Amino acid sequence: MAQIWKCSGNDIRTMPQELWEKDLSILSNPKEMSEALLFWKELENRKEMVLPLVQNLEGAVLGAGVMKRENYWTTGDYPFSTLKEIEPDQFSLMKDDRIQAVLAVIKTLRDEPLILEVEAPFSVLASLVNPMDLYLSMQAEPELLENILKRIVSEESKYIEAGVQAGCHIFSMAEPAGTLDMVGEKYFKECSGKAAVMLLKEIEGFLSDSVVHLCGKLSSSMIAVQMAEEEEYSVNSEEYLENLLEIAKNPEIHFVGQRCIHQKKNRTGIVYVLKLSVGEYYNAQEFKFGINQTT
């Protein structure tokens, strides 16, 4: 198996106790959330603010709920035991008050450096059903799994587009449950990686003044199976946040990766731009993109 980028643990943020103790209703309150984000930013002396307050908000909205863990908030228990219990037509992100609150916060704080974290589709689904069952369903129920992932792609595409329209210029996408080292080459190409590429293809048309940063594990997985190619791009600042803000202004660049978005310094003067490609494993007839198409 190809070498996969190793996470160096650059995300050293710790949710302040004062924020951690707040009622979860803050997730639907744009004013209170904006104030909390500004407080957290000033407390840790950071330039950027990261949304949402919950890891994998998409999964939480689609049924997993929110659980408070030490120092952070994340998704709760799995709401479904099997894929057959899921009715993907009922999935909706944009009707949820927590999603709308995030978009309202972006509009309020759009002059600040903002990063909107989104989860890759397979990891959204992995918050709804035990990942071990998902890995088995790749073999037993591939069509059902694909239909559910396509619905998630559709909903996430709308969410990201709304984030762009609200004024967010930097998006961060991770795939903690479905990278190449987690699921193997076959199922990354046929399932989790494919779903991620479908989403990226859906959104690249409206990223003219925004950029999506792919977690190094996801981007290196895509490169390893020729779903993407990397190119070196010279930047002016040694601050990685400034690099991303600079690149977001380039309408020709949509995706970057091979690093951690939480790193502070970039003394190489290089950012790795990603170009999507189907590579040798696919051809135009067999590998179709878009939520209304089938493979």
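Two strands are said to pair if DSSP finds at least two bridges between them. Helices (H or I, at least four residues) and strands (E, at least two) are themselves DSSP runs, numbered from the N terminus. The structure is a predicted model, in which local features need pLDDT of at least 70 and side-chain atom pairs count only at pLDDT 80 or more, while totals for chains, interfaces and linings use all residues. Residues are numbered from 1 along each chain as its sequence is written, and side-chain values use heavy atoms, with hydrogens and water left out.

Strand 4 (residues 114-119) and strand 5 (residues 170-174) run parallel and are joined by five bridges. Within this pair, Ile115 is found opposite Ile170 of strand 5. Strands of a sheet pair through backbone hydrogen bonds, either parallel or antiparallel. Seven strands make up an open sheet with mixed pairing, in the order 1-4-5-6-8-9-7. Strand 1 and strand 7 (228-234) are its edge strands, each pairing on one side only. From one strand to the next, the twist averages 35°; axes are lines fitted to C-alpha atoms, for helices over the stretch in contact, and angles run from 0 to 180 degrees between N-to-C directions.

Strand 5 also contains Ser172. Ser172 has a relative accessible area of 10% and is therefore buried (buried means under 20% relative accessible area, exposed over 50%, partly exposed in between, with a 1.4 Å probe and protein chains only). Leaving aside residues up to four places away in sequence, Ser172 touches Ile115, Leu116, Glu117, Val118, His213 and Ile261, where contact means heavy atoms within 4.5 Å.

Helix 2 (residues 30-43) consists of 14 residues and spans 20 Å from its first C-alpha to its last, close to the 20 Å expected at 1.5 Å a residue. The expected span is 1.5 Å times one less than the number of residues. Met33, Ser34, Ala36, Leu37, Trp40 and Lys41 are the buried residues of helix 2. They lie on the same side of helix 2 because they cover an arc of only 165° around the axis, the arc being that of the directions from the helix axis to the C-beta atoms. These buried residues pack against helix 1 (17-20), strand 1 (49-51) and helix 4 (97-108). The face turned away from the buried side carries the exposed residues Lys31, Glu42 and Leu43. Just after helix 2, Asn45 adopts a positive phi of about 55°.

The structure contains 15 salt bridges, a salt bridge being a side-chain nitrogen of Lys or Arg within 4 Å of a carboxyl oxygen of Asp or Glu. One of them links Lys264 to Glu48, with the closest N and O atoms 3.3 Å apart. Lys264 is in the loop between strand 8 (255-259) and strand 9 (270-276) and Glu48 in the loop between helix 2 and strand 1, so the pair ties together parts that are 216 residues apart in sequence. Lys264 is partly exposed at 42% relative accessibility, whereas Glu48 is buried at 10%.

A salt bridge also joins the side chains of Asp181 and Lys217 (3.0 Å, N to O). Asp181 belongs to helix 8 (residues 180-203) and Lys217 to helix 9 (residues 216-224), so this pair ties together parts that are 36 residues apart in sequence. In a further salt bridge, the closest N and O atoms of Glu185 and Lys189 are 3.5 Å apart. Glu185 and Lys189 are separated by about one helical turn, because they are four residues apart in helix 8. Arg151, Glu155 and Lys158 are linked in a network of salt bridges.
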